[in-house]
Amino acid sequence: MTGAGKLIRLYLRLDRARLAIWVLVLGIAPVGTASAFQGLYITEASRLRLASTVAANPSFTALLGPLYDPSIGGLTAWRIGTLGSLIVGLMAILTMLRHTRDDEEAGRREVLGSTVVGRHAPLGAALCVTIGAGTMIGVIVAAGLTGLGLPLAGSVAFGAAFTLMAVAFAAVGALAAQLTQAGSTGRGLGVGLVGLFFLLRMAGDVGESDGWGWLAWLSPVGWFSRLRPFADERWWVFALWAGFAGVVAASAVLIQSRRDVGEGAIPPRPGPSRAPASLASPAGLAWRLQRGSLLGWTFGLAVLGVVYGAAGDSIGDLLGANPQLMEIFEQIGGSRTLTDTFFAAAVGIIALIASAYAIRSVLKLKSEEDSLRTEMVLATATPRPRFAWSHLLYGLAGPVLILASAGALAGATYGAIVGDVAGEAPRVLVAALAQVPAVWVLTGIAMALYGLAPHLSSLSWGALALFLILGQLGQILQFPQWSLDLSPFTHIPLIPAETFTATPFLALLGVVATLILAGIWGFRRRDIPA
C-alpha cells in the first residue's frame, strides 16, 4: 500500500467536481423527498390511505419496494430508498472502474507502477475515495432527515444503508476491474450485476406472499427494504453488506496479486485475423465502439417502459384515493386524465436517464482522445468534423431509439391491460419522442464542452444533475420559475397530458444546433490532444 495516500489525493483532485455532484444529489434527494411528504401528507389518515393503496398495488411494490410504515420517514424510505441505493451502487462501480481498469487500459497504471507505489496501492486508494464519497452521502442523508424532525434511529439507518451500498458496490467494481481487460467491458459487467440484483429484489418483493421473498435476500439492493428504516429497524442487516463487501473485495485483491498489469483474469475473445471492411471508416469504428452500449441502454430502458406500462392501469385508483399525491402530479405539470399525467411524468424520467447515455456517447470522443487513438485516426485522410460526427451521431440517434423503444413498450403494455394496444402504444410513443429535443440539449452541451474546453467536458454530467434536481424536486420545493426554466425539460409540453405546440421544440432545436456547431468549430481549431 506504499503511496496510497498520495494516490488518494490525486483521485480526489481528478474527481473533485464529479464526486461533489454525486454526493450532493444523492444526499439531498431523500431530504427533499421527506420535506415534500411533510407538506403533502399532514394527517395520519392521509398517510394511512396512501399506504393501503400502495400495499394493494404490485406494480409499485415492484418498482419501489414494500411500504412498511405510513410515517413520513417510512414513506421517504419507500419512495427514494431502493432507487436511491441503486444509484449509489452505480456511482460506486463507475468511480472504481475509472481509477482502476481505465487507468490500466490507458497505460497510466504502468507509469504509476514504475514509481514508489505498492502493488495494491491504486486499488486501495480507489476504494478509499469511493467509500469516502459513500460516507459523505450517508452523513448528509442522516443529518438532513434528523434536521427535519424524523426519528434519529431511522435517519441513521437510512444514511448508513446508503454508505454500505457504496461499500458493497465499490467491492463489486474492484472485482469487475480484475476480471475484465477493457474498461467498457468492466462497466458492462458491473452495471449488469446491478440490474440482476434489482431484478432479484423485484421478484422477491412481488412474490413475497407466494413464497419467493427469499430472492430479495440474495440482492444487496433488496437489503435496504429488509433493513426497514423508520419501521423497527433490523440493524443486523448491516452485517450482510459488510460480509458481502469483505468477500468480494478480498477476491479482487487475490486476483490482482496473481495477474499481470493491463491484463484481466478473464482473457478477451480473440478477434478475427482480418478486420472487416466497415472498420476502414470512422463510422464503422464508431459503431464497433458504441454498439454494445447502445443495445444495453435500449434494453434496460425498454424494461423500465414495461414496468411503467404495467403501473399505468392502477395509477387512477392510487391518485384518486389520495388528493395529496394527485397534487404532486399536478405540480409536475397538470393533466387531463390521471393516466396521461402519469405517462407524461414517466417518459420524462426515462428521458433524463436516456440523457446519461447521450452524454456518455459524445464523451467517447474524449476517452478516445485521452487514449491517443484519435491522433491515429486523424493521421489518415479523415477530416476532424467527420470523425466528430461519427460519435456524435450516437448522441443524437441513440436517444431516439431508446425513447421510442421504451415509449412503445410502455404504451403497448398498458394497452394490453386495458384492451387497446393500437390506441395506447402510439400515444405513449409520441409522448416519449417529444422528449428528444430536451435530451439533445445535453448532447449539445457535451459536444460544446468537448470541442471548446475538453478539460471541462465532465461538467456535462453536472448539467444533467442540475436538470434532474430541477425537474424532480423543483416544483415540489417551490424553486423560482426562472430557475426551473434553466432545464430544457421544463419547456417540453407534457404530451399526452397537454397539447402539442411547435414553438418550444423549434427553440430547443435551435439551441442544440448552436451548441453542436460551436463544439465542431472548437474541435477543428484546437490541438489534439488538448
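What follows is a chat about a predicted model, taken one feature at a time.

Student: OK, which residues of helix α1 are buried?

Tutor: In helix α1, which covers residues 4–14, the buried residues are Ala4, Leu7 and Tyr11. They sit on the same side of α1, because the arc they cover around the axis is only 55°.

Student: And what does the face turned away from that buried side carry?

Tutor: That face of α1 carries Lys6, Arg9 and Arg13, which are exposed.

Student: Let's jump to α13. How far does it reach?

Tutor: Helix α13 runs over residues 282–312, has 31 residues, and reaches 43 Å from its first C-alpha to its last, which is close to the 45 Å expected at 1.5 Å a residue.

Student: Where does α13 bend?

Tutor: The bend is at glutamine 290, and its angle is about 50°.

Student: I clicked on alanine 310 by chance. Where is it found, and how far is it from cysteine 128?

Tutor: Alanine 310 belongs to helix α13, and it counts as partly exposed because its relative accessibility is 29%, a value between the 20% limit for buried and the 50% limit for exposed. Along the chain, alanine 310 and cysteine 128 are 182 residues apart, and their C-alpha atoms are separated by 41 Å.

Student: What about α21, is it mostly covered or mostly open?

Tutor: Helix α21 is mostly covered, with 15 of its 17 residues buried. This helix spans residues 436–452 and reaches 24 Å from first to last C-alpha, close to the expected 24 Å.

Student: Switching to charges, how many salt bridges are there?

Tutor: A search of the whole structure finds ten salt bridges. One of them joins aspartate 15 to arginine 18, with the closest N and O atoms 2.6 Å apart.

Student: Are those two buried or partly exposed?

Tutor: Aspartate 15 is buried, because its relative accessible area is 1%, whereas arginine 18 counts as partly exposed because its relative accessibility is 22%.

Student: Which pair should I look at in helix α6?

Tutor: Look at glutamate 104 and arginine 101, which both lie in α6 (residues 101–106) and are three residues apart, about one turn of the helix. Their salt bridge has its closest N and O atoms 3.5 Å apart. Glutamate 104 counts as buried because its relative accessible area is 11%, and arginine 101 is buried too, because its relative accessibility is 0%.

Student: Which residues do salt bridges with shared partners join into one network?

Tutor: That network is made of Asp15, Arg18 and Arg98.

Student: Last topic, the outside. Which residues form a nonpolar patch on the surface?

Tutor: Leu152, Val156 and Trp235 form a nonpolar patch there, and together they have about 290 Å² of accessible area.

Student: Where in the chain is valine 156, and how exposed is it?

Tutor: Valine 156 lies in helix α9, which covers residues 152–179, and it counts as partly exposed because its relative accessibility is 36%.

Key: Residues numbered from 1 in each chain as written. Predicted model: local features only at pLDDT ≥ 70, side-chain atom pairs only at ≥ 80, totals over all residues. Heavy atoms only, no water. Patch = residues over 30% accessible without salt bridge, like charges linked within 9 Å, V, L, I, M, F, W, Y side chains within 5 Å. Areas by Shrake-Rupley, 256 points an atom, 1.4 Å probe, with all protein chains shown as cover. Salt bridge = Lys/Arg side-chain N within 4 Å of Asp/Glu carboxyl O. Helix = DSSP H or I, 4+ residues; strand = E, 2+ residues; numbered from the N terminus. Buried < 20%, exposed > 50% of the residue type's maximum accessible area, 1.4 Å probe, protein only. Expected span 1.5 Å × (residues − 1). Bend = angle between axes of the 7 residues up to and from the residue. Arc of directions from axis to C-beta.
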